[in-house]
Amino acid sequence: MNSTTLSSSSKTISRLVGRRFFSLQPFPLYKGLKIKTSNTIDCLIGRRLSSLPPFPLYKGLEITRIESFQADLPLHEGRYKWAGGKYVDTFDTTVVKISTNDPQISGYGENCPLGSNYLPMFPGGTRAGIEELARHLIGADPTKLLDINRRMDWLLTGSPNAKSCIDMACWDILGKVAQMPVCELLGGRFDDKG
């Protein structure tokens, strides 16, 4: 069992998981904290230490292509209205497909903002954000979710709508690699209906 000591808040801790793309500054709270590595994956998330159960790692998995597709979702009610006389007749949704170097493993994500004038995000902006992010994520390991999200935050300020599509698709890939439903990776099911 290996251990690493975080002794000073002024030293930079480089992530050893995934590619060395980002560095973390330790929080003063972690002076002298020992992180032990064993059969669990230990990582710093915010200001708490969490361990994820081990799963079979898929070595060498890389993103080879990111595609986005537009679809119109008709409303059962016909038209959705809100204040100021604003409305939508269909939802303009974006579906993302992430392909990997394993032709058997790909992932899908989706984002559907409520029209172009309801939230500070809009469908065309979602697709533009995905296009901007996609070219920089080719070659990254989609199972390294923290690395993918840090890359996206570094590459593009804001645009949670574009980032969420890619994040969902990476979770889909991680579930396929781990041979587990994503709901189990996120903490487990709450009922037997699904």
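A search of the whole structure, which is a predicted model, finds one aromatic pair. That pair is formed by Y80 and W82 and is tilted. The largest nonpolar core has 23 residues, and a second, separate core has five.

**Aromatic rings and a charge over a ring**

- The ring centres of Y80 and W82 lie 5.7 Å apart, with 40° between the planes.
- Y80 is partly exposed, at 35% relative accessibility, whereas W82 is buried, with a relative accessible area of 16%.
- The charged end of R79 is placed over the ring of Y87, at 3.7 Å from the ring centre.

**The largest nonpolar core**

- Within this core of 23 residues, the most contacts belong to I66, I98, L133, L137, I148 and I166.
- Two or more residues each are given to this core by the strands β7 (63-74) and β10 (90-100) and by the helices α1 (123-137), α2 (145-155) and α3 (160-178).
- The largest share comes from α3, which supplies eight residues.
- Beyond its neighbours within four places in sequence, L137 is in contact with I63, I66, I148, R151, M152 and I166.

**The second core**

- The second core is separate and consists of five residues, among them W82, V88, F91 and L114.

Notes:
Residues are numbered from 1 along each chain as its sequence is written. This is a predicted model: local features need pLDDT of at least 70, side-chain atom pairs count only at pLDDT 80 or more; totals for chains, interfaces and linings use all residues. Side-chain values use heavy atoms; hydrogens and water are left out. Rings of Phe, Tyr and Trp (its six-membered ring) pair if their centres lie within 6.5 Å; planes under 30 degrees apart count as stacked, over 60 as edge-to-face and the rest as tilted. Buried means under 20% relative accessible area, exposed over 50%, partly exposed in between (1.4 Å probe, protein chains only). A charge sits over a ring if NZ of Lys or CZ of Arg is within 6 Å of the ring centre and within 35 degrees of the ring normal. A nonpolar core is a set of buried Ala, Val, Leu, Ile, Met, Phe, Trp, Tyr and Cys residues joined through side-chain atoms within 4.5 Å. Helices (H or I, at least four residues) and strands (E, at least two) are DSSP runs, numbered from the N terminus. Contact means heavy atoms within 4.5 Å.
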